[in-house]
Amino acid sequence: MAKLEGPERKAALAGLDGWSEVPGRNAITKHYKFNDFNEAFAFMTRVAMAAEKADHHPEWFNVYNRVEVTLSTHDAGGVSKKDIALAAFMDEAAKAFA
């Protein structure tokens with residue numbers, strides 16, 4: 001899996017809502033906020049199952065109703081199509097709690 005660069009990377013990131021690049025690192029990040037801990041944990045569980053199936057695991061941090069996510073494909077040395085796909089899945093999963 002190759003990291004995304006140039007116009008391909010810009011186009012991929014433009015298709016994501018609310019994701020931003022991590023300064024000083026070849027990664028993307030997003031912060032999600034839910035109504036309570038149960039929603040945040042349910043979201044994380046749904047994402048964990050998909051991430052395991054894809055063999056692509058997020059870096060994340062959870063406190064109460066917040067989930068902070070960072071994605072980067074370590075084997076590729078940066079953001080790859082795997083990250084874009086997982087980010088899109090996370091956005092869809094989060095809609096269930098909106």
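Predicted model: local features only at pLDDT ≥ 70, side-chain atom pairs only at ≥ 80, totals over all residues.

Student: Which elements each supply at least two residues of the patch?

Tutor: That would be α2 (37-54) and β3 (59-63). F61, for one, sits in strand β3.

Student: And F61, what does it count as, at 48% relative accessibility?

Tutor: Partly exposed, because 48% falls between the 20% and 50% cut-offs.

Student: OK, charges now. How many salt bridges does a search of the whole structure find?

Tutor: Six. One of them joins the side chains of K81 and E8, at 3.8 Å from N to O. K81 is in helix α3 (residues 81-95) and E8 in helix α1 (residues 6-14), so this pair ties together parts 73 residues apart in sequence.

Student: What about K30, which residue does it form a salt bridge with?

Tutor: D91, with the closest N and O atoms 2.8 Å apart. K30 belongs to strand β2 (residues 28-33) and D91 to helix α3, so parts 61 residues apart in sequence are tied together.

Student: Are K30 and D91 buried or exposed?

Tutor: K30 is buried, at 13% relative accessibility, and D91 is buried too, at 14%.

Student: Where do K95 and E92 lie?

Tutor: Both are in helix α3, three residues apart, or about one turn of the helix. K95 counts as exposed at 54% relative accessibility, while E92 is partly exposed at 48%.

Conventions. Residues numbered from 1 in each chain as written. Heavy atoms only, no water. Helix = DSSP H or I, 4+ residues; strand = E, 2+ residues; numbered from the N terminus. Buried < 20%, exposed > 50% of the residue type's maximum accessible area, 1.4 Å probe, protein only. Salt bridge = Lys/Arg side-chain N within 4 Å of Asp/Glu carboxyl O.
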